[in-house]
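This briefing is meant to be read beside the sequence and the coordinates. Please keep both in view while going through the points.

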Amino acid sequence: MTKTLLVGPFNRVEGDLEIRLEVADGRVTAAYANSPMFRGFERMMIGKGPEDALTITPRICGICSISQSAAAALALADLAGAEMAPEGARVAALLHGVENLLDHLTHFYLFFMPDFARSGYAGRAWHERVQARFLAGQGSGTRAAVAARAELFHVVGLLGGKWPHTLAIQTGGVTRAPSVRDKARIGAWLAGFRRFLEREVFGAPLEAFDTLADVAGLERWSTGDAGLFLEAAQDTGLAGLGRGPGRYMSFGAYPVPEGRLFRRGMWQDGAVGPVDETAIVEDLSHAWMLGEAAHPSAGETRPDAAMRADAYSWCKAPRLGGETVEVGALARQIVDGHPLAVALAGEGGVRARVAGRLLEIARTQIALEGLLAGIAPEKPFMTDVALPRDGSGVGLVEAARGSLGHWLSVAGGRISSYQIVAPTTWNFSPRDGGGVPGPVEAALVGAEVLEGEDTPLAVQHVVRSFDPCMVCTVH
Amino acid sequence: MNVLWLQTAGCGGCSMSLLCAEAPGVFDLLDGAGIEMLWHPSFSEATGGEVRALLSAIEAGEQKLDVLCVEGSVLMGPGGTGRYQMMAGTGRSMLDWVRALSAMATHVVAVGTCATYGGVTSAGENLTDAVGLQYDGAHRGGALGAGFVAKGGLPVVNVAGCPTHPDWVTETLMMLAEGVLDTAALDTLGRPKFYAENLVHHACPKNEFYEYKASAEKLSQIGCMMEHLGCVGTQAVGDCNIRGWNGEGSCTRAGYPCINCTAPEFEEPGHAFAETPKFAGIPVGLPTDMPKAWFMALASLSKAATPPRIGRNAVSDRIRVPPSPKARS
C-alpha cells in the first residue's frame, strides 16, 4: 500500500524546502521536491544599470553571497570583453575560496552531522562520541568549528569589509589593494585554520587526506571528525544510499590568470568531456512559471500566481542536453580528476558526497595558501572597464554547492534580461516535460522509511548530503 | 528567556552573520545570557513534525514564547494571500504563521532590513509584495500593521542591516533578557539606539580625506567616496566603523561605499549604488544636519587647503605619500 508523507519544515538547509514522498513497503517510491518560496531576483534586475547587479545579486543568498558576486562580476566582464586585473582575480579567488571552504565546514558541523546525534541512533557504537562532538548547538566539535569559521572570515573582513554581502569583487578587480602587512596577517589566519583542520577535522596533515587514492584508503581513515563520520557512514550504509544520476558537471572553480584552479568539464561514463553550455535548457513544465523552456540567455521569469495544480515548485528544471546532472564538491573533484573522487564517482551516494566535500576542504585550504603566496601587493588590483550600452554576457563559477551561472543582456545601458541558474536549481529541480525527476528526487527513491517516522532519517541524510541552498534555487 | 527564530523571505544572511559572533561565540554567548533557542532553522536538531508540534503548542498557548525573531521580508503576494511563501509541511503561508505567532510573543524582533522595512526582497517592481513586519519601506504598516504592539509593550524591534552585525542581534537579545530595552531605547524607525545613534562615518579611516574633500575617483582608490562613489556614510546609521565587522572590517575600510543598508528603501537609491548623484557638479545628498551653504563653503575652503600628501593618496590605491614626521624644534 502506498502512503504519502509531506516532509517539512526541512531545516538545516539554506532556505525553504518541502518534500512529498510516496512510500510503499517501508521505502520511498517517488519524491517531489518543492521550493515553496519565490522572491524574483531576476525580475528585480530589469531596468537597472548593469553594475547594480554587483550589489543586488549577492543578496540572493546569505550563505554563498560571494559566489553570486563572482558570477555577476564575470558576466559583466564578459559583456565588456574585459578581464580583471591579474592580482584582483587572485584576491577575488581567495575571497571566493574562503567562502566555499567555510560553507563546507558549516555544512559538515552544523547541517549534516547533527542527524547522527539523534536519539534514533542511540546504542550504536559511535553514538555517544558523535553526540559529544555534534549535538546541535552544544557539541564540542560544533563550537570549535563555529569559532574557527568566524576567525577565518577575518580574511573577508579585511579584504572585503564584511561577510556576507561582501561588495569587494567588481568587474575590473577588487576594491582594496592588500598591503604586505595584510598578506602577512592573512597568512596567519590561514595557518590558524590549517591547525584547526588538522587537529579537529582530519586528525592528520591535510596532505595525507589529499593523497588518498581509493575507497579502501578512505575506509581506513579513522582519525578526526572525518574518521567519526566514516565510521558512522559505514555502520549506517550511507555508501549505498542516495545515488545521483552519475553525470557530474563543473564550470571550473576560481578563475585566475593561469586558468581555473579546479578544472571545468562534464564527467560521464568514466570520462571527462567539455561542458556544452549552449545545451542548457530550463524546463518549466512542473514549475509555477509561465513561458516556454529556454536557454538562460533567452529565458524569462514570470511566476504563475495561480500556482497551477500540475506544477509543484517555484524551481525551474535545468537540463544539460536534455539530461539531469549532479553538481557540487564531489562533481567538482571528479571533474578535476582527483583519484579519490574518481574512485567515488560510481558510488555516488551520501558517503561519496560528504567525502568529496571533506576532500575539497583539504584541497581548498592548500590551494588558498598557494594563492596567497602568489599575490604581489605592489601591483594594481583593479583595471578600468567600460561597459557597452548594448550586449550580453555570461558568468560561470562554482559555488560551494556547485555550478552557478549568470546570463545578462543589456540594452541602452540598462539590464534587459537577467537569468540565473544556481547549483541547487540543478540538484533539486522538479520533473521536466518528459516526467524525469530531478537528481534529488531520483536519489530519494529507495530510501528507508521506518515505522512511525514522519521525517525519515534516511531522507534527511540524502537531502542534506546535497547541501541544498534553496534561496539560491528559486532566487 | 526563550527565542523562536523564523526565516521568511530573505537570504538567511543574518543567521549566517550571527554565527560570526566572537568573544564569545554565539552559542556560548546565548548560554551565558540565559537565552534558550527553542528552534532556529539553521542550528537546531528538530525538524519536520517536531517543529510543527512546537509551533502548534506556541499558537495554542501551551508553550510560552518570550521572543519571536523573524529574518526576511514577509511576502503578501499573490493578491494578499501570502502564497509566494508557504511554510513547508504546514499548508499555511509564512504571512499567516508570522501573524499568529507574533500575537503570542512577549517581544517581536525583526532581524535585518528585509524583516524591518522590506529590504532587497522588495526591490524593483516588488512582484511578490514583500514588506517588513511593521514597515513597508519607510512607511509604517507592513505585515503586522502600523499599530502592532507585542504583549511586552514594545512595537517590533527593528534590528536593521543587510546583513545585521552579529553583535547588534545578540546585544538586543541580551537587553531584552535583562529587561532594559524600552521604547525610549529605539529610534524613530524602531532601531535600537545603541547602534543607530552612530553614523557609519564615525571612525571611518577615510575621515582625513573627508576633512579635505580629497576624493577617490574610482573604486580601489583610497580617498573619500562621498563625492563621486555614492558613499552615504555621513548619513547612514550604524557603528560599523567603530566596532568593525569580521575582525577588523567595514565596507568603507575595504574600499566600498556605504550604501546605507540599515535604512528603509536603501535597495532603491534612485541611482547606481557606487555613483554620487550630482546637480551642477555638486552632490545632491549632503549631510542632512548641516546647512547646505555652510557645507559648500567649508568644502571649497578645505579643498583649497588639501595638503599634497592627502590629495595624491586620495586617487591612489595605496599610500603613495606617507606623513612626514614632525621635526623637533
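The notes below cover the contact between the chains, salt bridges and a surface patch.

The model is predicted, so local features need pLDDT of at least 70 and side-chain atom pairs count only at pLDDT 80 or more, whereas totals for chains, interfaces and linings use all residues. Residues are numbered from 1 along each chain as its sequence is written, chains are lettered from A in the order in which they are written, and side-chain values use heavy atoms, with hydrogens and water left out.

**Interface of chain A and chain B**

- The contact (heavy atoms within 4.5 Å) takes 78 residues from chain A and 72 residues from chain B.
- About 6000 Å² is buried between chain A and chain B, and carbon and sulfur atoms give 55% of this area; buried area is the accessible area (1.4 Å probe) that two parts lose on being put together, summed over both.
- The count of residue pairs in polar contact between the two chains is 37, with both residues at pLDDT 80 or more; such a contact is a pair of N or O atoms within 3.5 Å, where within protein one must be able to donate a hydrogen and the other to accept it, and residues adjacent in sequence count only if both atoms are side-chain atoms.
- Across this interface there are 8 salt bridges, a salt bridge being a side-chain nitrogen of Lys or Arg within 4 Å of a carboxyl oxygen of Asp or Glu.
- Arg143(A) and Asp31(B) meet through their side chains in a salt bridge, at 2.8 Å from N to O.

**Salt bridges within the chains**

- Over all chains, the whole structure holds 50 salt bridges.
- Arg319(A) and Asp432(A) form a salt bridge at 2.7 Å, N to O; Arg319(A) is buried at 4% relative accessibility and Asp432(A) is buried at 6%, where buried means under 20% relative accessible area, exposed over 50% and partly exposed in between (1.4 Å probe, protein chains only).
- In chain B, the closest N and O atoms of the salt bridge between Glu59(B) and Arg92(B) are 2.9 Å apart; Glu59(B) is partly exposed at 31%, and Arg92(B) is partly exposed at 22%.
- Lys64(B) and Asp66(B) meet in a salt bridge at 2.4 Å, N to O, with Lys64(B) exposed at 55% relative accessibility and Asp66(B) buried at 12%.
- A network of salt bridges links Arg133(A), Arg199(A), Glu200(A) and Asp225(A).

**Surface of chain B**

- Leu298(B) is partly exposed, with a relative accessible area of 43%.
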